Amino acid sequence: MNASTIDLVIVGAGPAGLAAATEARTWGLSVAVLDEQPATGGQIYRGVDTSTAKARSVLGEDYAAGALLTKAFVQSGARHIAGASVWNVSRDLTVNYLLDGVSRVLQARSIILASGAMERPFPVPGWTLPGVMGAGAAQILIKNAGAFPSDPVVLAGCGPLLYLLAVQYLQAGVKLKAVVHTTQRADYLRAMRYLPAALLGWQDLRKGMRMLQQLRRHNVPVYAGAEAISVKGKDRAEALCFTHKGREHCIETSLVLLHQGVVPNTQISLSLRAKHNWSDTQLCWLPETDDYGQIEDTRIYIAGDSRGIVGAKASAEQGRLAAIAIASKLQSPGESGRKARENLVRAELRKHLRIRPFLEAMYRPMAAHRMPADDAVVVCRCEEVTAGQIRKYVEVGCHGPNQTKAFGRCGMGPCQGRLCGLTVTELIAQARDVSPQVVGYYRIRPPIKPVTLGELAG
Amino acid sequence: MPTETKGSASPLFSSDDAERSCSVTLQFEGETLTVPAGVTVAAALLLQGVAPFRTTPVTSAPRAPYCMMGVCFECLVEVDGKPSRQACLTTVRDGMLIKRQLGASALVIPEEGDENER
């Protein structure tokens, strides 16, 4: 390792990455943070220092709180490399990234992966039509461009973000044509088991209750326990259809915002061949790490939602925890100040995790919206492979996601399986009647972002 | 394929941008558009009512941004002659030349001034 080796390179400038960087600086480590966006904040605090006044007032104080993280980060003296697309992370602690059309490399002594979450794919009929977007995507439009729907909009699916966006739209004066949520009676019953723990994190719970009250106060038509969601339209979305209490409904709209939770963005940890386990509660892959987020005996750690969905506040604490662990490894391990700091961070982390089991049980996405029964539903959006085709592949002997590539290019388009991977795993598991763990996932290889030969050549 | 430049519908999103003093001018399919500075190409085109952004290589199906955060690759457009740019990860710049990506991305990058070649 030469003089330009950086103590800690962090991938992702969201809450986990920013908090990790700031923490590591307090222990004297040299830190560089790589992020794809032009400014820090990740997706949750995106544009927190640049958004419009209207956007800020609508997004509320939880969003504004992100400015504390970005400010502390700026003051920490950590280096921020903005607009950097990381396309490779190696076990030898090199990080390759694209910046301004040129590929560059950093050598690290340790790495924290904090690549966050993405919205869970919502494979239903018509989800590929223009005019259908994620609710999270629509919220990014508020943060980045102060953009709100021009006409009354329909929100459908489940999860806290769906309600949060609905309430934010109401505050902005946007008309909600309907909120169609898929939380069933069984979900409430399952969630009740976790209510006592969630009550300990009562502030979070109260926020949720207030959101639901606001929808009621504004007389938004809410269809509770809806099923069989689909989008109708020829070249663009024209209506959202669903069944509610045994009756079919179609609501005309040119903009449908879908959401059924978020899942870890595991592209980098998968490309490192770290072991990943299927989570039956989060319904996604979770990288195997120790308590601090460390992958095996590497000096590579994972923090925040890319390690398993925990939310912004817990993500920041996980970032701090990983930074403390790294400082202990790179410096004298037994410093007592660090142990005390670690205990504080762990206490905060526990507090913010209390509501998670309740949320996971309550907003578990429906099987029918993860594994579409309709053969015609497009699963791989890039290569336009349908659910029916994947079931056919299984019939003729396809055992796992990697073989679907050979059968029909499934997962081989530009998104590299990000938008179909979970669906393909679950569809094959369902068809074979085995667990997703047995079926496995795509083999993810670098470059994990598209790189041209010209960019590689510099 | 739609023959009109932006698509026929009114914009799905709008922004009351009175407070934004800065704007930039770019070209989309040869048409000059004035858009807010600092936003992504994807946001700018959505605010202008552009739909679709591209058509798929397999069935020429129309597509538009889905995730807005760089994971779905549905917003691929051609920027300044370079194919397959993620509109949601690209910030608008004065004088940018943007085109829809129709079908498979171009293997040959068109020469400058060769605007109609695809």
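1. Strands here are DSSP runs of E with at least two residues, helices are runs of H or I with at least four residues, and both are numbered from the N terminus. This is a predicted model, in which local features need pLDDT of at least 70 and side-chain atom pairs count only at pLDDT 80 or more, while totals for chains, interfaces and linings use all residues. Residues are numbered from 1 along each chain as its sequence is written, and chains are lettered from A and ligands numbered from 1 in the order in which they are written.

2. Four antiparallel bridges pair β4(A) with β5(A), residues 94-99; strands count as paired if DSSP finds at least two bridges between them. Across the pair, N88(A) has N96(A) as its bridge partner. Of the five residues of β4(A), residues 85-89, four are buried, where buried is defined as having 20 or more other C-beta atoms within 10 Å of the residue's own, with C-beta atoms placed from the backbone.

3. Now step back to the domains of chain A. The assignment gives domain 1 (6-118 + 263-331), domain 2 (121-260) and domain 3 (371-439); such bounds come from an automatic or database domain assignment. The centres of domains 2 and 3 of chain A, taken over C-alpha atoms, are 27 Å apart. Five residues of domain 2 of chain A are in contact with 11 of domain 3 of chain A, contact being defined as C-beta atoms, placed from the backbone, that lie within 7 Å.

4. How many residues of chain B are in contact with chain A? There are 41, and they meet 37 residues of chain A. The chain B side has 25 nonpolar, 10 polar and six charged residues. In this scheme Ala, Val, Leu, Ile, Met, Phe, Trp, Tyr, Cys and Pro are nonpolar, Asp, Glu, Lys and Arg are charged, and the others, Gly among them, are polar.

5. β9 of chain A (residues 148-149) runs antiparallel to β1(B), joined by two bridges, and P149(A) stands opposite F13(B).

6. Finally, look at chain B by itself. One helix and eight strands make up its secondary structure, in the order β-β-β-α-β-β-β-β-β. Of the 118 residues in chain B, 44% are buried.

Methods. Two residues are in contact if their C-beta atoms, placed from the backbone, lie within 7 Å. A residue is buried if 20 or more other C-beta atoms lie within 10 Å of its own, exposed if 12 or fewer, and partly exposed in between; C-beta atoms are placed from the backbone.
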